[in-house]
Amino acid sequence: MGEAQSLFEVLRQSVRPHVVEAFERLVRDAPDRKLCRINALAFAAAAGLDEEETIAGFLQASRLGIFELSWNVLCPGCGGVLDANTTLRTVQSTEYTCALCAAGYEPTLDEMVEVTFTVSPRVRHIEAHNPHELPAIEFFRQMYWGSGVDLPEEDYEEKVDEFLIEALELPPGEKAVISLQLPSKFVIVFEPVTHAAQFLDVSGEPTRERRNLSLVFDRSHRHAETLKLQPGPIRIQLENHAEVRTLPSVCIADEALHALLGSRRPFLTAKRLLSNQTFRDIYRTDTLDVDQRLKITSLTFLFTDLRGSTELYERVGDLAAFDLVRAHFRVLNEIVAAEAGAVVKTIGDAVMATFPTPDRAVAAAMRMRDAMRELNDERGSEDLLLKIGIHEGPCIAVSLNERQDYFGQTVNIASRVQHLATSREIFATGSVLEDPRAATLLSDRGLSPMAHNVALRGIANEISIFAIP
């Protein structure tokens, strides 16, 4: 832990001490499996830490080499990791197929890409640094299932034994045979390394006749038609044509399996991380390839601008106006970060920011308005009159002008809603206020937004705009 101790001392310069202490305890005392693909949100909850501080801490620790980031493409059905990447740049496929669920999915950054953290080998070596040496049951726990599957701690092996009939390790180029009695159940022969599966629909009258089934694992075979078989003896011949060890497993798709996979918990999504200010500060230009286009089904955009900034420069002079505008930017940046958002860019005196959920954007907008009022009161003037627009919807994450940015109609609408606002007004669209958490936030404060329909340039239909008092 000599080098690790030095790294933790450096980490204390940018991360709160109690978060660093929690990381130190984790690295020093946790079993190996707890240091592989750490769920940052679950860790924060277990350690009694603030989520945003914990995420920022993991990011800063990864920058120093204490942890390694992984961007894992998940199956929305079973929660399995379909692809693991050290950077978001390599999430390039337009569709990912889950053999276990026999379904294909177009990747989105909302719930299909998780971000996890694994301790670096330079800090502590763990079994998962050599995943192809893990026992089958641990490979499933540490490598196959994503951090959003809430696997049991105490009786994990017993729970797996309830649906797992057989599992074996098959080295590259080797063959093996599994002989067993098929129960009258839906049976899956699944291989998690190459993501291959064969479904067996076992029903009808039992038979004593032994059937034969041959399966080859070579990364190209994913899923074949479901075979209908009678209960009774079967001989499964397996061949590993892959370049690595495979783990053929025979399991029953019953309530025990569904109960294990159905227990879920929140995890750190790629969407949330892209809207994190610490992440944007650390990974400014190293997030997406220029030609990469990644979908987000829901992101909240907040645009601000100062009313009459040109007149401000004329009234108080360039130097005083510059200092005042810079102070306003500093305050807005602090509020955005405090509400789990990130500033995407500034355009003149305007700010474009993103938030993972509408309620955080609404909270930020009201804090911004109050902060500008306080700055004006301190100066005894009305120089900073902030206009704010908020909209939520789908978009595409792109790389523009060497910056991770966003593109789509949602962005256009959010910008135009801000242009409708006058001084000290917050305008939000219906999609923002339809969010239950945003609606609760306003009702708790006794605020009743006033609605009116407007036509926006380039938008075919009128949309509902709400003025937040």
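Which residues line the largest cavity? The structure is a predicted model, in which local features need pLDDT of at least 70, side-chain atom pairs count only at pLDDT 80 or more, and totals for chains, interfaces and linings use all residues. Residues are numbered from 1 along each chain as its sequence is written, and side-chain values use heavy atoms, without hydrogens and water.

The largest cavity is lined by Leu100, Ile137, Phe140, Trp145, Tyr156, Val160, Phe163, Leu164, Phe190, Ser249, Cys251 and Leu257. A cavity is a set of points, on a 1 Å grid over the protein atoms alone, where a 1.4 Å probe fits but cannot get out; lining residues have an atom within 4 Å of a point. The volume of the largest cavity is about 130 Å³. Volume here is the space filled by probe spheres set on the points, with grid points joined across faces, edges and corners. Eleven lining residues are nonpolar, one is polar and none is charged. Nonpolar covers Ala, Val, Leu, Ile, Met, Phe, Trp, Tyr, Cys and Pro; charged covers Asp, Glu, Lys and Arg; the others, Gly among them, are polar. At least two lining residues come from each of α5 (136-144), α6 (156-161) and β13 (249-252). Helices (H or I, at least four residues) and strands (E, at least two) are DSSP runs, numbered from the N terminus.

Two cavities of 30 Å³ or more are present in the structure. By class, the lining of the second largest cavity has five nonpolar, one polar and three charged residues.

The largest pocket has a volume of about 560 Å³. Of its 26 lining residues, Arg33, Lys34, Asn39, Glu153 and Arg265 are the closest to its centre. A pocket is an open set of points with protein on both sides within 12 Å along at least five of seven lines. Helix α3 gives the most to the lining of the largest pocket, with four residues. The lining of this pocket comprises 14 nonpolar, four polar and eight charged residues.

The chain contains 15 helices and 21 strands. Three strands form an open sheet in the order β7-β12-β10, with mixed pairing. β7 (175-182) and β10 (211-217) are the edge strands, each with a single partner, so one side of each has no neighbour in the sheet. Two strands pair if DSSP finds at least two bridges between them. β7 and β12 (residues 232-240) run antiparallel and are joined by eight bridges. Within this pairing, Val177 has Gln237 of β12 as its bridge partner.

Strand β14 (residues 294-306) is mostly covered, with ten of its 13 residues buried. Buried means under 20% relative accessible area, exposed over 50%, and partly exposed in between (1.4 Å probe, protein chains only). Eleven bridges link β14 to the antiparallel strand β17 (residues 386-400). Thr300 stands opposite Glu392 in β17. β14 also pairs with β16 (residues 350-355), in the antiparallel sense, over five bridges. Here the bridge partner of Leu302 is Ala353 in β16.

Of the 469 residues of the chain, 55% count as buried. The C-alpha atoms fill a box of roughly 95 × 60 × 40 Å, taken along the principal axes.
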